[in-house]
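Work through the exercises below with the sequence and the coordinates at hand.

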Amino acid sequence: MYAIVDIAGKQFKVEKDRFVYAPNVAGDAGASVEFDRVLLIEDDNGVEIGTPAISGARIAGKILEHGRGDKVIVFKKKRRKGYKKIQGHRQGYTKILIEDILLKGQKASPKQKEEAPKKEVAPKKEEAPKAEAKPKKAPAADTSATQDDLKQINGLGPKFEEALHEHGITTFQQLVDLSSDEITKLSEDVDGITAEMLEDDWIPQAKELIAQSDLKQISGIGPVFEEALNERGYHTLEQISQLTEEEMEALAEIDGLTADLIKNEDWVGQAKKLLKK
C-alpha cells in the first residue's frame, strides 16, 4: 500500500514505516504530524485518485529530525563591470517516518500508540546487537574520517545516499570502484537506481569530484586553509585555477594567508596542472 501526498507544495510517494525527506515542517523532533492533501492511494482494493485530494484521507507520521542539505554555490558575475559575488545556500529539510496511511473515516490506529513503547522498550532488542555493535563501531569510526558527501552527485539525494551507505558505499572512490556485478546488484536491491544511472551518470560525476574537490593537492594548502577556503565558497580546483587579483586580495583576510603567498606558491598554476591530469 502506498500513497501520493502533497507536502509543502511538493509531491511524495509514501509507504508505511518508510522515511521521507520533506521541506521544513513545523514541529520538534518526536512530534506527530498529519498531512491531509492525499492525491492518490493504492491498496488491495485498487487505486483511488483524488480531485485533486481524497476527502478524509490522511497521512500520519512522526518528525525524526531537522537538517540542512549540502551547500550549493551561487556565483554571480556581470561582464565588464568588475562585479563578482559568491555565496552559499543550504536547503533545510525534515526527516519524517510515515506511521500510517488513513482512509476516509479511519482513526489513527492504536498500533501507533503501541509502537512507541515498543521502540522505547527496545533495550532487549538492543542487547542482542550490542555484542555485534562493538565490531561495527570500529569500522564506523574509520569510515567517518574518509566519508564523502555523496549528495554532491547530481541526482543522488538523501534517500539514495542512505541506501548506498547500507550497502557499504560511503565515498566517491568506492562508487568509482564498483564492479559490474556490484552495479547489477545495486540496481536490483535499491528501488529507483538503475545500472545505466550508475555507469553513465553517477560514477563519471564521482570521478570528477575526486579529481576536483581535494584542494590539499595544491602545495601550500593544508587542512586549515582548505576549510577556510570552503567557508568562502571555494571547493574545487577549477575555482582556484580562475582566481583573480581581486579575489586573492580578498582571501588575504584568512589568518596566515596573503596574496603574495598565493602568487609565490602559484596556486592558480598548480590547480590548472592538476585539472589537466
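A salt bridge is taken here as a side-chain nitrogen of Lys or Arg within 4 Å of a carboxyl oxygen of Asp or Glu. The structure is a predicted model, in which local features need pLDDT of at least 70 and side-chain atom pairs count only at pLDDT 80 or more, while totals for chains, interfaces and linings use all residues. Residues are numbered from 1 along each chain as its sequence is written, and side-chain values use heavy atoms, with hydrogens and water left out.

**Exercise 1. Salt bridges**

Solution. Step three asks about burial, where buried means under 20% relative accessible area, exposed means over 50%, and partly exposed lies in between (1.4 Å probe, protein chains only). Lys62, at 19% relative accessibility, counts as buried, and Glu99, at 9%, counts as buried too.

**Exercise 2. A network of charges**

Task: Find which residues are linked with Lys151 in a network of salt bridges.

Solution. Begin with the pair of Lys151 and Asp149, whose side chains meet in a salt bridge at 3.2 Å, N to O. Lys151 counts as partly exposed, its relative accessibility being 25%. Then extend the search to the network, which links Asp149, Lys151 and Glu161.

**Exercise 3. The two sides of α7**

Task: Decide which residues of helix α7 are buried and which are exposed on the other side, and then locate the salt bridge partner of Glu226.

Solution. First, within α7 (residues 223-231), the buried residues include Phe225, Glu226, Ala228 and Leu229. They lie on the same side of α7 because they cover an arc of only 165 degrees around the axis, the arc being that of the directions from the helix axis to the C-beta atoms. Second, Pro223, Val224, Glu227 and Glu231 are exposed on the other side of the helix. Third, the partner of Glu226 is Lys216, with the closest N and O atoms 3.0 Å apart. Lys216 lies in the loop between α6 (195-213) and α7, and Glu226 in helix α7, so the pair ties together parts that are 10 residues apart in sequence. Finally, just after α7, Gly233 takes a positive phi of about 95 degrees.

**Exercise 4. Charged surface patches**

Task: Identify the members of the positive patch and of the negative patch.

Solution. The rule comes first: patches are made of residues with over 30% relative accessible area and no salt bridge, with like charges joined within 9 Å. Lys and Arg count as positive and Asp and Glu as negative, while His and the chain ends are not counted. The positive patch is formed by Lys77, Lys78, Arg79, Arg80, Lys81 and Lys84. Among them, Lys81 sits in the loop between β8 (72-78) and β9 (83-89) and is exposed, with a relative accessible area of 65%. The negative patch gathers Glu196, Glu199, Asp200 and Asp201; Glu196 is placed in helix α6 and, at 51% relative accessibility, counts as exposed.

**Exercise 5. Backbone angles**

Task: Determine what form the peptide bond from Thr51 to Pro52 has, and describe the phi values of Arg80 and Asp266.

Solution. As background, most residues other than glycine have a negative phi, and most peptide bonds are trans. The bond from Thr51 to Pro52 is cis, with omega near 0 degrees, and Pro52 lies in the loop between β6 (46-49) and β7. Arg80 has a positive phi near 60 degrees; this residue is found in the loop between β8 and β9, and it is exposed at 74% relative accessibility. Asp266 has a positive phi near 50 degrees, is found in the loop between α10 and α11 (267-276), and counts as partly exposed at 38%.

Technical notes: Patches are made of residues with over 30% relative accessible area and no salt bridge: like charges are joined within 9 Å, nonpolar side chains (Val, Leu, Ile, Met, Phe, Trp, Tyr) within 5 Å. Accessible areas come from the Shrake-Rupley method with a 1.4 Å probe; for residues, only the protein chains shown count as cover. The place of a charge is taken as NZ of Lys, CZ of Arg, CG of Asp or CD of Glu. Helices (H or I, at least four residues) and strands (E, at least two) are DSSP runs, numbered from the N terminus.
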